[in-house]
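Subject: Structure handover and notes

Hello,

My notes follow below it.

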Amino acid sequence: MLEAKLQQAALLKRLLDSIKECVSDANFNCDEEGIKLQAMDNSHVALVAVKLDADGFKKYRCDRPIPLGVNFASLTKVLKCARDDDIVTIKANDDRDVLSMMFEARHSDRIAEYDVKLMDIDAESLDIPETEYDARVTMPSSEFSRIVRDLSLLGESVKIELSKEGIRFASDGEAANASILLKQTDAARRKYENYGKEVKKEDEDNEEGSSKKVKKEEDEDADMEDAENGDDNDEGEFKAKSDDEGEDEAQDDEEEEPSSKKRKKVSAKNGKPAKKAKKLEEGPTDGGVMIEMNQHVTLTFSLKYLVNFSKSSALSDTVQIMMSNDVPLLVSYSFGQGDIKYYLAPKIGEE
């Protein structure tokens, strides 16, 4: 039996919107580690691989490995009935006849239940070999999406060239030609190097221990407030004070002032990591590009597929493009729940 609960329906909606143009139906392979999908398009030019980790679900249970054959058009229609912030619970029995989906509204008692008929899809899982790519580009997904969308208006193919100069996208059309060059900046390199490590750690902390952190901060704030204001008896003395007591209190305030300032400084210091993590999360959207390259790479690809891949920009602010000569292109989007990877064969005989 499978039971998986997601905090927001928006994730599934964006995921299906990303892959439904590439594949019409496929198996969701579920096991104790999570849910995976691997499918090729009808022309066998592109392959999509999706991974949703079990840790990313609010609740996850899978007694034994189970494949769920799903038609994406049908599943998309059902998900349109859910609001983006609805809590989604997915269930499937071992007989695999239907996929049960329940949408719970956060701010009302509304609960909607749907049963999606499953398919018996005979598909072999492809073994994707580990590849050492000659070049890797990390850039904002919105920028990549805009480039391939703009070039698709002019031509059918794009030549992607990676050199010391940067990454160049070039397309030749009947009416016009276009060439777009993105150069690397040192700030982007520093940003992306930290982004993969610190933001991932911050996401894990937020998912695993957000409630503990909130409680700890509330306890610390309460302790600080008690330390500054004193106990209840002291508050009574402050309300009914004589002149002599006022002088004593003023003297005490002068003595306690450095301590109060020290507490405020510590509080500000404790606030810095969260601010830094937020900055790292927002950083990759400013147009920065980082390039890691072992050798010059030039390949040509179909823009139609790249435009479909770029729809995953709704899942992640950052995209990684990996290339080697005569090897399929890898376009990868990572998000808090897992990742989605696209592989695209280059066009042969085109420079």
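First, a term: contact means heavy atoms within 4.5 Å. Leaving aside neighbours within four places in sequence, Glu 3 is in contact with Lys 59, Tyr 60, Arg 61, Thr 89, Ile 90 and Lys 91.

Please note the ground rules. This is a predicted model, where local features need pLDDT of at least 70, side-chain atom pairs count only at pLDDT 80 or more, and totals for chains, interfaces and linings use all residues. Residues are numbered from 1 along each chain as its sequence is written, and side-chain values use heavy atoms, with hydrogens and water left out.

**Overview**

The chain has seven helices and 18 strands. These are DSSP runs numbered from the N terminus: helices are H or I with at least four residues, strands are E with at least two. Buried residues make up 38% of the 351 residues. Buried means under 20% relative accessible area, exposed means over 50%, and partly exposed lies in between (1.4 Å probe, protein chains only). Among contacts with a separation of 6 or more, 69% are between residues 24 or more positions apart.

**Glu 3 and the strands around it**

Glu 3 sits in strand S1 (residues 2-6). Glu 3 counts as buried because its relative accessibility is 12%. The side chains of Glu 3 and Lys 59 are joined by a polar contact of 3.4 Å. A polar contact is a pair of N or O atoms within 3.5 Å; within protein, one must be able to donate a hydrogen and the other to accept it, and residues adjacent in sequence count only if both atoms are side-chain atoms.

S1 pairs with S7 in the antiparallel sense over five bridges. Two strands pair if DSSP finds at least two bridges between them. Ala 4 stands opposite Ile 90 in S7. Strand S7 (residues 87-92) is mostly covered, with five of its six residues buried. Five bridges also join S7 to S8, and these two run antiparallel. Here Ile 90 stands opposite Met 101 in S8. The hairpin of S7 and S8 has five residues between the strands, and Arg 96 takes a positive phi near 60 degrees there.

**The nine-stranded sheet**

Nine strands form an open antiparallel sheet, in the order S6-S2-S3-S4-S18-S17-S16-S10-S14. Its edge strands are S6 (66-71) and S14 (290-293), each pairing on one side only. The twist averages 15 degrees from one strand to the next. Axes are lines fitted to C-alpha atoms, for helices over the stretch in contact; angles run from 0 to 180 degrees between N-to-C directions.

S17 (residues 329-335) and S18 (residues 338-344) pair over seven bridges. Leu 330 has Tyr 343 in S18 as its bridge partner.

H1 is mostly covered: nine of its eleven residues are buried. Lys 13 and Ser 18 are among them.

**Cores**

A nonpolar core is a set of buried Ala, Val, Leu, Ile, Met, Phe, Trp, Tyr and Cys residues joined through side-chain atoms within 4.5 Å. The largest one has 76 residues, of which Met 101, Phe 144, Leu 306 and Ile 340 touch the most other members. H1 gives the largest share of this core, six residues. Another core, of six residues, lies apart from it and includes Leu 47, Tyr 133, Met 322 and Leu 330.

Beyond four places in sequence, the contacts of Leu 306 include Phe 144, Val 148, Leu 329 and Leu 344.

**Aromatic pairs**

The whole structure holds six aromatic pairs. Rings of Phe, Tyr and Trp (its six-membered ring) pair if their centres lie within 6.5 Å; planes under 30 degrees apart count as stacked, over 60 as edge-to-face and the rest as tilted. Phe 103 and Tyr 114 have ring centres 5.5 Å apart and planes at 40 degrees, so this pair is tilted. Phe 103 is in S8 (residues 98-104) and Tyr 114 in S9 (residues 111-117), eleven residues apart. Phe 103 is buried at 0% relative accessibility, whereas Tyr 114 is partly exposed at 26%.

Tyr 333 and Tyr 342 pair edge-to-face, at 6.4 Å centre to centre and 85 degrees between the planes. Both are buried. Together with Phe 309, Tyr 333 and Tyr 342 form one aromatic cluster.

Best regards
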